[in-house]
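Dear colleague,

Please find the structure below, handed over for your review. My notes on what was found in it follow directly after.

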There are 2 protein chains.
Amino acid sequence: MAEPTSRPRPPRRSRTERSADSRQLILDATLECLHELGYARTTTLTIQARAGVSRGRLLHHFPSREGLLVAACQHLASTHLSELRAWPSGSPEHDLEPAADRLDLAVDVLWSTFDQPYFWGAVELWTAARTEPTLRATLRPEERRLGIAVRQAIDAQFGPAFTGHPRYPLVRETLLTSMRGVALTYSFDERDRDRDTHLPLWRYIARLLLEPADTPAPSAR
Amino acid sequence: MAEPTSRPRPPRRSRTERSADSRQLILDATLECLHELGYARTTTLTIQARAGVSRGRLLHHFPSREGLLVAACQHLASTHLSELRAWPSGSPEHDLEPAADRLDLAVDVLWSTFDQPYFWGAVELWTAARTEPTLRATLRPEERRLGIAVRQAIDAQFGPAFTGHPRYPLVRETLLTSMRGVALTYSFDERDRDRDTHLPLWRYIARLLLEPADTPAPSAR
DNA sequence: ACACAAACGGTCAGCATTGACCGGAAGTGG
DNA sequence: CCACTTCCGGTCAATGCTGACCGTTTGTGT
């Protein structure tokens with residue numbers, strides 16, 4: 001986590017530290033703007049205003065707007081990655097709970113991911129990357145790496161009791177993509193996420209497909 | 001389509017017709033720009049250049065850029081709606097085919113929808129609408145109406161043999177949202193859509209969940 | 001025929017954004 | 001202690017976009 005960055009008195013920081021602070025400040029502000037204003041309105045001016053940084057300072061670290069956005073991609077990825085590691089992973093006592101409850105919990109936790117600023121920042125970057133080759137080139141390997149980490153985190157959430165199921169990859173992939181598709185519609189139709197009509201569907205799928213069975217399923221990823 | 005400018009006597013090449021042509025030209029160009037350049041780069045200048053209309057002509061019909069984008073939403077919706085009606089609906093001979101083949105076909109047809117310019121134009125508008133209230137207000141009812149039509153078209157695609165299945169709403173909703181979530185990733189990672197790794201998963205889900213069964217499923221929508 | 005208003009074509013000012021530029025301050029290595 | 005590099009503050013020209021504001025043409029009603 002980063003410090004809220006009040007403006008007390010710079011005690012004695014080395015130059016490289018101050019420089020790193022500047023980058024952090026600017027990148028955080030960039031993602032905030034992306035989340036709150038959208039890609040089109042995320043200008044270098046609004047970023048520097050929100051970061052509380054002078055123009056020279058911003059341009060020194062990120063000479064071009066596109067470079068800044070590219071750096072924001074990486075920053076977003078690494079931030080989200082550290083958040084994933086802080087997930088409530090499968091604790092031992094969970095194994096004692098009923099299997100259905102554990103599945104519901106995993107679905108809920110996964111769904112809550114799509115309510116975070118990260119998701120909307122990512123959507124803005126994905127959308128922009130479609131028509132901007134530079135962004136796209138940066139985003140693609142980053143998202144690939146992230147995809148692996150995300151799936152590992154989901155596996156930890158479901159626990160080994162379910163990840164070993166032959167149909168588990170199918171369920172994981174279906175939940176992940178379906179939730180992304182549903183979450184996207186919240187961009188123009190905001191409603192109560194905890195009461196989304198798809199929530200019982202996802203729970204049902206998980207319960208139905210992950211019950212003890214011996215039918216093989218096609219592999220995913 | 002219909003305009004308040006109701007002059008019940010259009011002899012030939014009436015002015016209102018030419019006016020409608022202008023609107024059509026401009027709106028088509030707008031959606032093309034949205035698809036090829038993205039929301040940020042879709043300026044009124046590029047639109048008028050692509051539509052081959054003068055600045056005065058564009059500004060006469062759409063005095064503000066935002067108004068133009070709002071009109072583009074409605075135009076996109078109506079266009080996609082007419083495309084949906086032209087779908088290869090369930091022909092009688094389909095009923096003679098094996099059920100599994102028909103399911104695979106329905107999945108393929110549905111998936112092909114997400115490869116069209118419409119989808120990317122919609123994504124651009126959805127993303128922009130998140131941070132622009134005017135767009136959002138227009139988009140929401142439009143997408144609601146469209147959602148109903150889309151589901152009707154999908155129903156026609158699957159045919160009554162499957163739409164009557166208790167788990168059909170679940171399958172339809174899962175396929176639709178999952179495909180949307182997968183298609184979104186193509187914005188930064190373009191690959192062969194016909195060989196997407198999720199395709200066999202979707203087919204498997206449809207076959208598995210729509211086989212004759214008597215277990216009830218939670219309702220969707 | 002005639003007045004009129006809609007449907008344009010074309011220009012321009014105002015504004016926002018970007019990135020170059022330069023001066024200065026603050027660490028850093030010698 | 002002294003260059004010297006990095007970091008940064010502030011200004012500015014160039015550019016692109018929007019929408020107002022003309023003028024002009026051309027159907028349309030009477």
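**Fold of chain A**

From the N terminus on, the elements of chain A run α-α-α-α-α-α-α-α-α-α. Chain A thus reads as 10 helices and 0 strands, where helices (H or I, at least four residues) and strands (E, at least two) are DSSP runs, numbered from the N terminus. This is a predicted model, in which local features need pLDDT of at least 70, side-chain atom pairs count only at pLDDT 80 or more, and totals for chains, interfaces and linings use all residues. Residues are numbered from 1 along each chain as its sequence is written, while chains are lettered from A and ligands numbered from 1 in the order in which they are written.

Of the 221 residues of chain A, 37% count as buried; a residue is buried if 20 or more other C-beta atoms lie within 10 Å of its own, exposed if 12 or fewer, and partly exposed in between, with C-beta atoms placed from the backbone. Among the contacts in chain A with a separation of 6 or more, 76% are between residues 24 or more positions apart. Two residues are in contact if their C-beta atoms, placed from the backbone, lie within 7 Å.

**Packing within chain A**

Helix 4 (residues 65-85) and helix 7 (residues 133-158) of chain A pack at an angle of about 0°, with their axes 10 Å apart. Axes are lines fitted to C-alpha atoms, for helices over the stretch in contact, and angles run from 0 to 180 degrees between N-to-C directions. The two helices, helix 4 and helix 7 of chain A, are therefore roughly parallel to each other (angles under 35 degrees count as roughly parallel, over 145 as roughly antiparallel, 65 to 115 as roughly perpendicular and the rest as oblique). By class, their contact has 12 nonpolar, 4 polar and 2 charged residues. Here Ala, Val, Leu, Ile, Met, Phe, Trp, Tyr, Cys and Pro count as nonpolar, Asp, Glu, Lys and Arg as charged, and the others, Gly among them, as polar.

Phe114(A) lies in the loop between helix 5 (99-112) and helix 6 (117-130) of chain A. Phe114(A) is buried, with 20 other C-beta atoms within 10 Å. Leaving aside neighbours within four places in sequence, Phe114(A) is in contact with Phe119(A), Met179(A), Arg180(A) and Ala183(A).

**The two chains together**

A rotation of 180° with 0.0 Å of shift along its axis superposes chain B on chain A (RMSD 0.1 Å), by least squares on the C-alpha atoms of residues with pLDDT of at least 70 in both. That is the relation of a two-fold axis. The contact takes 41 residues from each of chain B and chain A. On the side of chain B that touches chain A, the largest share, 10 residues, comes from helix 9 of chain B. That side divides into 21 nonpolar, 10 polar and 10 charged residues.

The axes of helix 10 (residues 198-209) of chain A and helix 9 of chain B come within 11 Å and cross at roughly 100°, and these helices are therefore roughly perpendicular to each other.

**The DNA**

Of the 25 residues around DNA strand C, Thr44(A), Arg65(A), Ser54(B), Gly56(B) and Arg57(B) come nearest; a residue is near a strand if its C-beta atom, placed from the backbone, lies within 6 Å of it. The residues of this surface comprise 5 nonpolar, 13 polar and 7 charged.

With kind regards
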